[in-house]
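This briefing covers one predicted protein model. Please keep the structure open while reading the points below.

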Amino acid sequence: MKFLDFFAGVGGFRLGMEMAGHECVGHCEIDKFAQASYTAMHNPKESEWFADDITTVDPSELPEADCYCGGFPCQSFSVAGKRGGFEDTRGTLFFEVMRLAKIRKPKYIFLENVKGLLSHDGGQTFGTILATMGECGYDVEWQVLNSKDFGVPQNRERVFIIGHFRGASSPKVFPIIQKESVSIASPTITTRYPFAWREGIYIIEDGEKWRDLTPKECFRLQGFSDEYFERAKAVNSDSQLYKQAGNSVTVNVIYEIAKRL
C-alpha cells in the first residue's frame with residue numbers, strides 16, 4: 001500500500017509503515033531541522049514528493065496514495081498546554097489533511113494525537129473531527145494505546161484514529177490488545193518523567209544515582225534503532241534531537257496498527 005507522510009517529523013510513521021510492508025511516496029514537514037534528520041534517516045528518493053507547508057499544497061500535485069498518515073500538531077489539545085483547540089492555528093492543520101483527502105479520497109486516513117484530544121472542550125473538539133471525517137466520506141474508528149504495551153519502557157498514551165473511505169474499506173483495525181507490556185518500574189531502570197525529554201531522569205538500579213536521558217535513549221524510547229539515531233545525530237544538535245524524539249510517534253505502535261491496515 002502506498003502512503004503519504006504528513007507532519008512527518010523524523011519519520012516515526014514512515015518507519016512503522018515501511019516495517020509493515022507499505023511504501024512511502026511522499027512526505028511533508030515544515031521544520032527544517034526535523035526535515036534534515038528525516039532525510040538523513042530515511043534517504044528518500046529524489047523523485048519522492050515533498051512539501052514543507054501543508055497549507056500551500058494543491059490536491060492535484062499529490063501522488064496517488066492509498067493512505068494519508070500524520071500526527072497533526074498536538075499542542076492545541078495537550079493537557080500540558082493551553083488547550084486552545086481549533087482556535088489555535090496549529091489545531092486547524094487537521095482540516096488541511098481533510099481538505100486534501102476530500103478531493104483525492106485515499107482509502108485510509110491514519111492519524112495520531114494526544115489522549116487529551118478526546119476530552120478537549122467537553123468532547124466537542126473530537127466530535128468536530130469525527131463529523132468532518134464523516135462529511136468527507138470516512139467511517140472512523142479509534143483507540144487509545146500506550147507505548148509501554150508495545151515493547152518500549154515509556155508510559156505514553158496517544159489516541160490513534162483510522163478513517164475508512166466508505167465503499168473501499170470498513171472499520172476493522174481496533175481494538176488492538178497487546179500483551180507485551182513493559183513495566184515502567186522494572187528491576188533495573190525506570191523513567192520518572194516520560195514526557196519531559198530534556199529533564200527526563202533514569203533511576204539506576206542502586207536507587208541513588210541520577211542522570212539525564214541521552215538523546216540516543218530518547219530515540220530508543222520511541223522505537224528507533226541506534227543506526228537511525230546516528231544518522232540524525234550527524235545532522236542535528238542535541239537540543240534538536242531531544243525535541244524531535246519528544247515530537248515523534250512511537251514506531252512500535254505504528255507498526256502494529258499498520259500490519260492491520
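In helix α8, the buried residues are Val251, Val253, Ile254, Glu256, Ile257 and Ala258. Buried means under 20% relative accessible area, exposed means over 50%, and partly exposed lies in between, all with a 1.4 Å probe and protein chains only. Helices (H or I, at least four residues) and strands (E, at least two) are DSSP runs numbered from the N terminus. The model is predicted, so local features need pLDDT of at least 70 and side-chain atom pairs count only at pLDDT 80 or more, while totals for chains, interfaces and linings use all residues. Residues are numbered from 1 along each chain as its sequence is written, and side-chain values use heavy atoms, with hydrogens and water left out.

**Helix α8 and its cover**

- Gly16 is a residue of helix α1, and it counts as buried because its relative accessibility is 0%.
- Apart from neighbours within four places in sequence, Gly16 is in contact with Val251, Ile254, Tyr255 and Ala258.
- Gly16 and Glu256 are 240 residues apart along the chain, and their C-alpha atoms are separated by 7.9 Å.

**Overall make-up**

- The protein has 8 helices and 9 strands.
- Of its 261 residues, 51% are buried.
- Among contacts with a separation of 6 or more, 66% join residues 24 or more positions apart.
- The protein exposes about 12,000 Å², and carbon and sulfur atoms supply 50% of that area; accessible areas come from the Shrake-Rupley method with a 1.4 Å probe, and for residues only the protein chains shown count as cover.

**Strands β1 and β2**

- Strand β1 has 5 residues, of which 4 are buried, so β1 is largely enclosed by the rest of the structure.
- Strands β1 and β2 run parallel and are joined by 4 bridges; two strands pair if DSSP finds at least two bridges between them.
- Asp5 stands opposite His27 in β2.
- His27 counts as buried because its relative accessibility is 3%.
- Leaving out residues up to four places away in sequence, His27 touches Asp5, Ala8, Arg14, Gln35, Tyr38, Pro44, Glu48, Trp49, Phe50 and Ala51.

**Cavity and pocket**

- On a 1 Å grid over the protein atoms alone, a cavity is a set of points where a 1.4 Å probe fits but cannot get out, and a pocket is an open set with protein on both sides within 12 Å along at least five of seven lines; lining residues have an atom within 4 Å of a point.
- Grid points are joined across faces, edges and corners, and a volume is the space filled by probe spheres set on the points.
- The count comes to 1 cavity of 30 Å³ or more, and the largest cavity has a volume of about 30 Å³.
- The largest cavity is lined by Glu112, Leu145, Ser147, Arg156, Arg158, Phe160, Val249, Thr250 and Val253.
- That cavity lining divides into 4 nonpolar, 2 polar and 3 charged residues; Ala, Val, Leu, Ile, Met, Phe, Trp, Tyr, Cys and Pro count as nonpolar, Asp, Glu, Lys and Arg as charged, and the others, Gly among them, as polar.
- The second largest pocket has a volume of about 160 Å³.
- Its lining consists of Arg14, Glu18, Glu23, Cys24, Val25, Asn43, Pro44, Lys45, Ser47 and Glu48, divided into 3 nonpolar, 2 polar and 5 charged residues.
- Both α1 and β2 (23–28) supply at least two residues each to the lining of the second largest pocket, and the largest share, 3 residues, comes from β2.

**Backbone points to check**

- The peptide bond from Phe174 to Pro175 is cis, with omega near 5°, and Pro175 is in the loop between β7 and β8 (201–203).
- Phe7 has a phi near 45°, a positive value in a residue other than glycine.
- Phe7 is in the loop between β1 (2–6) and α1, and at 18% relative accessibility Phe7 counts as buried.
- Lys105 is not a glycine either, but its phi is positive at about 55°.
- Lys105 lies in the loop between α3 (93–104) and β5 and is partly exposed, with a relative accessible area of 43%.

Methods: Contact = heavy atoms within 4.5 Å.
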